[in-house]
Amino acid sequence: MKVMKTNSAYDIAVCGGGIAGISAALAAAREGKKVILFEKQYMLGGLGTAGLVTIYLPLCDGFGHQVSFGIAEELLKLSITYGAEDRYPENWLDGKGERTQKDRRYEVQYNAQTFAILAEQLLIKNGVDIMYGSYVVDVEMTDRKIKSIYIENKSGRTEYTIRAVVDATGDCDIAWFSGAPTNTFKQGNVLAAWYYYANENGHKLQMLGASDIPDDEKTGKEEKPLINRRFTGLDGKELSEMMVLSHKTMLEHWLKKREADPNAVISTIATTPQIRMTRKLAGEYTLAHTEEHTYFQDSIGMVSNWKKRGPVYEVPFRTLYSKDVKNLIVAGRCTSVNETLWDVMRVIPCCAVTGQAAGTAAAMTDDFSTFDVAVLQSKLKQNGVVLHEKDLL
Ligand SMILES: Cc1cc2nc3c(=O)[nH]c(=O)nc-3n(C[C@H](O)[C@H](O)[C@H](O)COP(=O)(O)OP(=O)(O)OC[C@H]3O[C@@H](n4cnc5c(N)ncnc54)[C@H](O)[C@@H]3O)c2cc1C
């Protein structure tokens with residue numbers, strides 16, 4: 001295949017434009033670096049927009065303390081610039097009401113399409129070059145560093161030479177191409193079929209397809225999977241079959257709904273597979289669900305648990321890289337955590353927290369394993385991130 005070489009020089013390639021990629025690209029560009037973002041679809045936001053997963057889960061611990069800050073909070077506010085679809089957190093944003101265990105958590109439901117456009121404008125305003133329709137398909141290595149990445153789009157195959165790479169593909173594709181250690185979701189994902197429908201009362205998110213409950217959290221009262229098949233999310237044929245099954249499920253569901261509500265129409269379907277956990281990095285540290293309230297000297301920020309009030313996790317910088325590939329850092333669903341914590345770390349605020357750290361770090365070094373994390377932490381703090389639970393008010 002003929003390979004074109006681009007004349008444009010970039011410091012950082014962010015691969016994937018979901019919440020993690022948006023956060024990483026924004027953070028790196030704000031540090032004055034030349035950033036290019038490759039996204040295989042034609043909109044930003046990944047599962048958070050094209051996947052119709054429009055609930056920005058909590059930035060707080062559920063006991064009234066905000067734990068995720070910086071770009072995680074900036075994007076939540078951006079997502080509701082023109083109003084929330086549901087779950088408006090007035091006790092956080094308008095200062096109405098208490099922020100206690102009984103009150104609403106700091107989360108919101110937003111409009112996917114508006115959020116995608118606003119995120120695009122934000123990145124462009126900050127100088128990020130966005131390349132849509134561009135699938136990252138391979139890398140070239142020298143001396144345990146990624147020297148070039150290869151993308152394919154309407155123009156064919158193009159090589160980009162870069163200094164540092166952020167893997168925000170959600171599937172750890174770049175780590176996989178470069179030979180960094182990864183692991184996959186053993187039990188596989190259930191089918192999901194979230195869609196929007198509209199009727200005379202407006203449009204509404206229909207959530208179809210339960211989340212996978214880790215074995216140690218099962219109560220016996222879990223929602224039954226839609227079908228008796230699981231998906232890895234890493235096989236082209238399987239993903240196409242999954243989309244077809246998902247569409248079929250939506251249609252059947254809507255036809256039933258229409259019997260009771262004749263005005264209901266399907267208004268939006270997802271344009272990306274609704275798959276939760278696929279492949280993640282086996283980084284220098286793997287954070288476990290049991291490590292709630294644990295102090296980590298190299299914390300890059302904190303996340304809470306969307307499933308229950310209380311737990312707070314400091315996220316060690318070491319969960320974002322492997323020394324096997326020196327200039328590669330991951331974010332979002334690719335972060336190195338154990339299987340139980342994966343179900344927590346994969347959600348939107350956590351993707352923004354890890355994305356901001358990955359992008360900021362990529363602006364500062366091309367060797368993450370020898371990098372002085374204190375320099376990164378000081379920059380993150382300057383940009384509003386609180387690193388440790390002991391520093392919460
Ligand atoms: C059914 C379902 C329900 C969920 N519910 C919620 C919820 O209510 N609230 C919540 O906060 N989270 C929820 N989540 C999880 C959450 O939406 C996602 O995990 C999160 O948005 C992931 O962000 P990300 O940036 O890490 O990955 P993604 O959103 O997957 O983004 C990765 C991006 O990279 C692109 N990409 C992938 N590979 C390549 C490549 N090789 N080259 C170029 N581009 C590439 C993709 O097109 C995509 O845009 C849910 C997930 C699912 C599936």
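Reader: In which hand does helix 1 pass helix 2?
Author: In this predicted model, helix 1 covers residues 19-30 and helix 2 covers residues 71-79. Helix 1 passes helix 2 in a crossing that is right-handed.

Reader: Is helix 1 roughly parallel or roughly perpendicular to helix 2?
Author: The two helices pack with their axes 11 Å apart, at an angle of about 115°. Because angles of 65 to 115 degrees count as such, helix 1 is, relative to helix 2, roughly perpendicular.

Reader: Which residues of helix 2 meet helix 1, and how many residues of the contact are charged?
Author: From helix 1 come Ile19, Ile22, Ser23, Leu26, Ala27 and Arg30, and they meet Ile71, Glu74 and Leu75 of helix 2. Sorted by class, the contact has six nonpolar residues and one polar residue, and the number of charged ones is two.

Reader: At what angle do helix 1 and helix 8 pack?
Author: Helix 1 also passes helix 8 in a right-handed crossing. The axes of helix 1 and helix 8 lie 7 Å apart, and the angle is about 30°.

Reader: Which elements give two or more residues to the lining of the largest cavity?
Author: The structure holds one cavity of 30 Å³ or more, and the largest cavity has about 50 Å³ of space. Its lining includes Ile300, Gly301, Met302, Val353, Gln356 and Ala357. By class, the lining has nine nonpolar, two polar and no charged residues. The elements that give two or more residues are strand 16 (299-304) and helix 8 (348-362).

Reader: Which residues are the closest to the centre of the largest pocket?
Author: The largest pocket has about 1200 Å³ of space. Helix 1, strand 7 (135-142), helix 5 (173-178), helix 6 (236-260) and helix 8 each give two or more residues to its lining. The lining divides into 24 nonpolar, 16 polar and 10 charged residues. Of the 50 residues that line the pocket, the closest to its centre are Gly46, Leu47, Pro273, Ile275 and Arg333.

Notes
Residues numbered from 1 in each chain as written. Predicted model: local features only at pLDDT ≥ 70, side-chain atom pairs only at ≥ 80, totals over all residues. Heavy atoms only, no water. Axes fitted to C-alpha atoms, helices over the stretch in contact; angles between N-to-C directions. Helix = DSSP H or I, 4+ residues; strand = E, 2+ residues; numbered from the N terminus. Parallel < 35°, antiparallel > 145°, perpendicular 65-115°, else oblique. Left-handed = near helix turned anticlockwise from the far one by under 90°. Contact = heavy atoms within 4.5 Å. Nonpolar A, V, L, I, M, F, W, Y, C, P; charged D, E, K, R; others polar. 1 Å grid on protein atoms, 1.4 Å probe; cavity = no way out; pocket = protein on both sides within 12 Å on 5 of 7 lines; lining within 4 Å. Points joined across faces, edges and corners; volume = space filled by probe spheres on them.
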